[in-house]
Amino acid sequence: MTDRAELPGASPLRALFVGASIGSGHHQAQTAVQQALTGRGTAVQGLQSDVVGYLSAAERSWTVDLYDFELRHAPWLYEAFYHGTDHDRSFSMIEFFCRWVGLKGMRRDLGLTQPELVLSSYWSSVPLAHHVQRQTGQSFINALIVTDYRAHRHWIRHEADLVMVATEQTAQQMIERGLDSRKLEVTGIPISARFSALIGADRAALRVRYGLRPDVPLLLVSGGGTGSYPALGRVLGELGSLGRRVQVLVLAGARGRGIQQVGGATVHELGHTDDFPELLAASDLVVGKAGGLTVAEATALGVPQVIHAPIPGQEEYNAAYLESCGAGLWAHDLSELRPAVLRALDDDENARMGHNAAAISVPDAADRVAAALLRRLGR
């Protein structure tokens with residue numbers, strides 16, 4: 001078995017790709033892996049599905065809708081849920097319900113695709129696929145991509161045949177909590193190949209291309225794929241009060257499209273854009289949340305991060321990971337944000353943090369995931 005591209009005429013890989021429309025990162029990871037499989041010469045005959053789409057209206061109200069409400073209005077409540085469910089007791093109510101909630105949709109999609117591979121980028125579809133597999137006797141590799149840097153209990157899926165994680169530390173956490181080490185592969189978090197193509201790009205030239213000033217620091221606000229970043233207004237206020245001129249990009253969460261002046265900050269509200277990789281590559285600094293995909297993308301391009309008001313739980317651990325590696329600063333309180341940003345914009349400090357970010361990056365993670373899958377499939 002090798003990692004080389006398949007020979008012409010090889011049968012297409014039948015696969016079910018299951019993401020989750022909770023933020024945008026889970027689907028982005030799936031797309032990156034599908035592109036990497038194609039890049040390796042593997043024809044894919046697959047179905048892209050969404051575990052959220054498997055839920056009834058009632059089920060969605062007490063899962064996804066409740067999650068969104070907590071992030072926007074009561075992050076302390078989500079924090080309590082995150083830590084309260086992160087245990088290794090033999091019984092978990094969440095674990096019990098996740099064998100059934102969405103089962104009808106999973107059974108339908110498995111019947112339609114008859115896959116060799118089920119690849120999930122959110123944990124809850126793994127027990128569903130396993131449940132149907134036991135009921136029907138279907139044979140497939142049940143694989144999971146972990147899209148954060150810490151192993152919460154929900155991501156430690158004993159039902160999976162293959163679990164792909166961000167770092168050696170993540171793998172060790174899972175092993176210590178009982179996951180069979182033979183199921184684990186350290187691949188990094190898969191990101192689009194567009195980021196790899198931008199490594200070493202000329203920042204000044206990119207800024208000129210997008211109508212930005214090459215001589216004024218550029219900050220990109222990370223507000224999450226859904227734009228549910230309650231601290232956005234406060235962050236913009238602090239960035240406008242740095243005592244120096246900066247340019248600020250606001251993508252998801254922008255109230256509209258246009259340019260406004262907030263103190264010394266020229267704020268470009270862009271909303272959704274397909275040019276995110278290029279805009280990130282043009283930036284000196286990322287400020288805001290610490291989603292797993294954003295961390296993977298920024299480190300791939302050597303862009304430091306200043307984290308403020310991350311989602312409690314998983315994003316706090318992502319922030320701590322960045323800080324421990326010298327690739328970011330975590331401003332726990334609003335009063336710490338301005339000093340952290342000014343420190344990260346210092347030329348020497350920015351270069352040091354950027355170097356550290358690149359050192360922990362895995363820009364070819366999607367290809368590593370594709371290789372791991374093909375090895376397990378014997379292709």
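Trainee: Which residues touch the most other members in the largest nonpolar core?

Mentor: This is a predicted model, to start with. The largest nonpolar core has 33 residues, and Tyr149, Leu220, Leu280 and Leu301 touch the most other members.

Trainee: Which element gives the most to this core?

Mentor: Helix H13, with 5 residues. E7, H12, H13 and H14 each supply at least two.

Trainee: And what does Tyr149 touch, leaving out residues up to four places away in sequence?

Mentor: Its partners include Ala166, Thr170, Ile189, Val295 and Tyr321. There is also a second, separate core of 25 residues, which includes Val250, Val306, Ala331 and Leu337.

Trainee: Switching to H11. Which of its residues are buried?

Mentor: In helix H11, residues 232–239, they are Leu232, Val235, Leu236, Glu238 and Leu239. They cover an arc of only 160° around the axis, so they sit on the same side of H11.

Trainee: What covers the buried residues of H11?

Mentor: The cover includes strands E7, E8, E9, E10 and E11, along with helix H15.

Trainee: Now charges. How many salt bridges are there in the whole structure?

Mentor: A search finds 23. Take Arg14 and Glu116, with their closest N and O atoms 3.7 Å apart. That pair links distant parts of the chain, 102 residues apart. Arg14 is in strand E1, and Glu116 is in the loop between H6 and E3.

Trainee: Is Arg14 buried, exposed or partly exposed?

Mentor: Partly exposed, because its relative accessibility is 32%.

Trainee: What about Arg207 and Asp284, buried or exposed?

Mentor: Both are buried. They form a salt bridge, with the closest N and O atoms 2.5 Å apart. Arg207 lies in H10 and Asp284 in the loop between H12 and E11, so the pair ties together parts 77 residues apart in sequence.

Trainee: Which residues do salt bridges with shared partners join into one network?

Mentor: Asp86, Asp88, Arg150, Arg153 and Arg177.

Trainee: Last one, Asp50. What is the nearest side chain of opposite charge?

Mentor: Arg60, at 6.4 Å. Asp50 is buried yet has no salt bridge.

Trainee: So which side chain does the Asp50 side chain make a polar contact with?

Mentor: Ser21, at 2.7 Å. Asp50 itself is in strand E2. Beyond its close sequence neighbours, its contacts include Val18, Gly19 and His27.

Conventions
Residues are numbered from 1 along each chain as its sequence is written. This is a predicted model: local features need pLDDT of at least 70, side-chain atom pairs count only at pLDDT 80 or more; totals for chains, interfaces and linings use all residues. Side-chain values use heavy atoms; hydrogens and water are left out. Helices (H or I, at least four residues) and strands (E, at least two) are DSSP runs, numbered from the N terminus. Buried means under 20% relative accessible area, exposed over 50%, partly exposed in between (1.4 Å probe, protein chains only). Lys and Arg count as positive and Asp and Glu as negative; His and the chain ends are not counted. A salt bridge is a side-chain nitrogen of Lys or Arg within 4 Å of a carboxyl oxygen of Asp or Glu. A polar contact is a pair of N or O atoms within 3.5 Å; within protein, one must be able to donate a hydrogen and the other to accept it, and residues adjacent in sequence count only if both atoms are side-chain atoms. Contact means heavy atoms within 4.5 Å. The arc is that of the directions from the helix axis to the C-beta atoms. A nonpolar core is a set of buried Ala, Val, Leu, Ile, Met, Phe, Trp, Tyr and Cys residues joined through side-chain atoms within 4.5 Å.
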